[in-house]
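Me: I have a model open and want to learn how to read its fold. Where do we start?
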Amino acid sequence: MQRRVPWHSVARDEVLERLGTGRNGLSSSKAKSRLEKFGPNKIALERKVSPLSILVNQFKDFLIFILIIAAVVSFALGYLEGHEEYFFDAGLILVIVVLNGLFGFFQNYKAEKSLEALKKMAVPKATVLRDGTPSEVDATTIVPGDIIVLSEGDQVTADCRIMRSKNLLLDESLLTGESVPSSKSPSSLSQDTSLADRSNMLYKGTYVSRGNARAVVVNTGLDTEVGLIAKAMHGAEEHPTLFQKELDKLGKNIGTGLLAIIAFIAVVQFFLSSMDPITIFLTAIALAVAAIPEGLPAVVTLALALGTMRMAKKNSLVRRLSVVEDLSSVDVICTDKTGTLTENALTVRRLYTDWKSFKVTGRGHSIEGEVLLDEEKAPEKAYKKLLWCGVLCNNVVMGRKEGKKEYMGDPTEVAIHIAANKAGIDAGGYSRTEEFAFSSDRKRMTTLNSKGNEHFACMKGAPEVVLERCTHILEGGKVRRLTASKKKKILNQNEEMGHNALRVLAFSYKELEKRKVPEEEAENGHVFIGLQGMVDPPRTEVPDAIKACQGAGIRVVMITGDNIATAKAIAKEVGIGNGALEGRQIEGMSEHELRMKVEKIDIFARVAPLEKQRILKAMQANGHNVAMTGDGVNDAPALRNSHVGISMGIRGTDIAKQASDMVLLDDNFASIAKAVKEGRTIFSNIRNFVTYLLMANFSEVFVVFFASLAGFVPIRATQLLWINLLTDGAPALVLGSDPSRKHVMKKKPRPSSEGIINTWVMKAIVAIGVLDTVLLLALFFYSLPMGEDYARTMVFTGFVFSEATRLIVIRMKDKLSIFSNKWLLVAILASFLLQLLVLYTPLSAYFGTVPLGVGDWQVLLGFLAASIISVFGIYHFFLRDKEHPDV
């Protein structure tokens with residue numbers, strides 16, 4: 001019930017009364033009883049992923065089931081007299097199933113371990129009033145009604161209503177997406193105030209940037225805003241990826257087709273041939289082995305694993321292998337702004353002084369940069385006073401973090417300090433004698449500074465507030481009277497800078513006669529110097545990354561908790577357009593209205609967590625495959641429910657990381673574009689080797705079928721298994737590791753309805769399958785007079801030779817030379833050497849082969865030449881110049 005109370009709209013005394021507490025907090029006994037009632041202040045819904053569950057999941061694919069069934073049947077047939085070779089078949093199949101499962105397990109387990117390494121393990125502490133005395137307690141023991149004491153740098157460990165505060169600024173970016181610290185005060189607000197604007201509330205997981213406060217705890221654990229998000233995320237079941245669905249569908253299609261073909265062939269053989277039922281059954285088993293692409297699961301797993309390793313080198317940690325391929329079909333990326341598109345570091349971009357507008361170059365916390373006027377380096381005297389005032393009216397200190405020097409303080413003051421450092425301007429030997437601190441009520445800060453007999457008051461604050469206290473202005477190095485028209489001109493400039501998403505502060509100074517004076521005297525009669533405008537700028541690589549995504553047919557949408565002016569300005573800089581909408585406008589929309597809007601709007605500002613989920617669901621309802629990025633707890637439910645959830649590794653919360661499918665180790669949107677490119681490459685590779693393997697399986701099935709009609713078994717099951725697993729497997733593995741094609745990011749995303757096997761793939765399988773069937777049957781019957789074992793050996797070796805024709809078709813489709821991947825040549829050579837091993841070593845006894853002579857190899861080379869010549873003709877007349885997606 002408590003979480004339904006709009007605490008921000010309730011008066012302070014009434015809040016205390018409703019919670020049964022006072023300004024001195026709870027007694028220890030009452031806190032203990034409430035802890036028993038409300039439970040510990042923690043969020044314990046995180047799903048633990050056990051190694052066993054990861055291992056079991058590797059064996060749930062339909063193709064794996066088929067292989068296991070084939071192994072069991074082969075094992076049973078081994079008990080039939082004279083058919084002991086089926087034990088060998090069963091062993092080979094089980095070995096490949098186990099190796100595939102272990103390989104996938106180690107990849108996924110490694111990803112989970114990497115994620116755990118990113119998590120923060122420290123348990124936060126909190127200071128509360130217990131029995132009227134400040135006490136440091138474990139944050140998990142906080143209860144509603146506790147009075148919590150907060151100071152600069154503290155983490156807020158529960159949802160609280162402010163009782164009193166001084167100069168309080170909160171970093172709420174991980175909850176609201178707002179990059180600039182929020183000013184906080186105890187005043188009551190209207191009930192319909194949005195989450196991001198509730199200035200009298202403190203939320204779990206946020207940080208105190210400046211000031212101090214006392215606040216009463218109103219919600220703990222799962223009843224906090226963070227807790228509600230965690231529950232929503234927990235309620236969203238982890239969904240199978242699009243690629244997992246596609247592989248499952250492919251496996252079922254292969255299985256269904258296999259049963260249908262075997263049943264048809266068995267019936268035909270029973271009625272049209274003189275074969276006995278046992279032979280027909282054995283032939284059916286041979287066909288089953290031929291029809292199953294035994295190497296497919298292993299090659300898919302390896303292709304995905306290689307992709308994840310390449311992505312890890314490009315700062316993308318993939319938690320589930322199959323997610324890599326899902327990126328290939330993403331057509332919308334919904335991205336957060338702060339820290340993902342931007343640097344997450346305020347930077348001074350503009351200076352305005354003496355009626356001139358200066359540009360400040362450089363980014364982030366680097367002091368590299370300069371001040372430009374009309375794109376040329378400006379003279380220092382033109383802006384020195386403005387930056388000097390910013391240094392004196394500033395509390396930034398240089399500290400160390402993880403062994404490195406770092407500016408420490410309010411982000412706004414850090415930006416001002418760095419701007420002065422770029423110009424080589426410092427305090428000039430002045431030391432501070434007094435400070436009148438910034439507060440949300442005052443909206444200004446003033447410091448008193450002295451050097452010998454020189455004394456100055458320096459002020460910074462909201463432009464309209466500072467101008468009220470100025471009587472003069474610095475013009476051309478001289479102090480002149482500040483008229484009403486000049487004030488208006490300055491305010492117009494402030495408004496223009498604000499429209500460009502700059503956060504603007506005004507600066508002024510006053511000469512004093514002594515080191516210290518009262519506040520009223522120090523803050524009136526000032527000389528206006530100028531304005532500094534700052535913004536959290538886009539990352540330098542983001543515009544190109546967004547352009548690459550758009551060129552690949554992927555729409556990029558910004559969803560942020562920041563204000564709409566800032567969102568639109570950053571969107572314009574990085575290349576995101578097409579209208580803007582605020583979260584409050586979404587609240588009253590029906591699902592149908594929202595579905596219409598999300599097709600036209602690319603910028604969503606002031607968005608709350610539930611609104612973010614509604615946007616996602618509307619896009620998905622419109623048929624889009626959506627990747628969602630985010631770092632805060634407010635992003636977690638949307639990350640879990642999107643097709644591909646992408647969290648941030650540096651500043652992302654544990655909840656966001658746990659909800660995601662992929663973690664960006666550098667928090668950079670540009671890494672997403674690289675990941676999409678990798679996903680498309682992997683899908684193209686998977687399609688290629690599936691085509692390659694199924695072309696072989698097609699010809700194997702029909703060679704066995706047509707030869708059996710004449711009463712012959714043209715190839716043994718053991719030989720087929722050898723081809724499928726090893727001699728075909730090596731080139732397939734190399735196809736799975738092909739590098740990206742140049743055109744991969746110039747095509748539209750693959751429709752989710754289009755599977756691995758599309759129209760072109762089907763035509764290629766049938767065309768090349770028929771060619772190989774005809775040539776191999778001709779080879780078999782040509783060789784048959786020399787004996788069945790000899791004819792089988794020739795067909796067995798002919799299948800290995802036919803690799804070349806299949807590879808030529810795939811390379812022509814991709815407009816690549818067969819020599820474009822040196823490892824492909826190595827794989828072909830390896831296949832040939834493996835075949836020689838079977839022909840000329842004791843292994844021949846297990847495979848029923850005979851040694852081939854020089855004349856036999858001449859016949860096989862003639863077979864290869866006929867096959868290659870034929871495939872060029874087939875490609876030219878049947879497969880060439882056809883539009884086929886290859887993304």
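Reply: Start with contact, which means heavy atoms within 4.5 Å. In the protein chain, take the contacts with a separation of 6 or more: 72% of them join residues 24 or more positions apart.

Me: What kind of model is this, and how are residues numbered?
Reply: This is a predicted model: local features need pLDDT of at least 70, side-chain atom pairs count only at pLDDT 80 or more, and totals for chains, interfaces and linings use all residues. Numbering runs from 1 along each chain as its sequence is written, and side-chain values use heavy atoms, with hydrogens and water left out.

Me: How many helices and strands are in the protein chain?
Reply: Both are DSSP runs numbered from the N terminus: helices are H or I with at least four residues, strands E with at least two. The protein chain has 32 helices and 28 strands.

Me: What share of the residues counts as buried?
Reply: Buried means under 20% relative accessible area, with a 1.4 Å probe and protein chains only. Of the 887 residues, 56% qualify.

Me: Which residues have the most contacts inside the largest nonpolar core?
Reply: In soluble globular proteins, nonpolar side chains tend to be buried together. A nonpolar core is a set of buried Ala, Val, Leu, Ile, Met, Phe, Trp, Tyr and Cys residues joined through side-chain atoms within 4.5 Å. Here the largest has 115 residues, and I333, I576, F669 and F689 have the most contacts inside it. Helix 24 (residues 670-709) gives the most to this core, 17 residues. A second, separate core has 42 residues, including W7 and V626.

Me: What does I576 touch?
Reply: Leaving out residues up to four places away in sequence, I576 touches L341, I546, V556, M558, A571, D602 and I603.

Terms used
Buried < 20%, exposed > 50% of the residue type's maximum accessible area, 1.4 Å probe, protein only.
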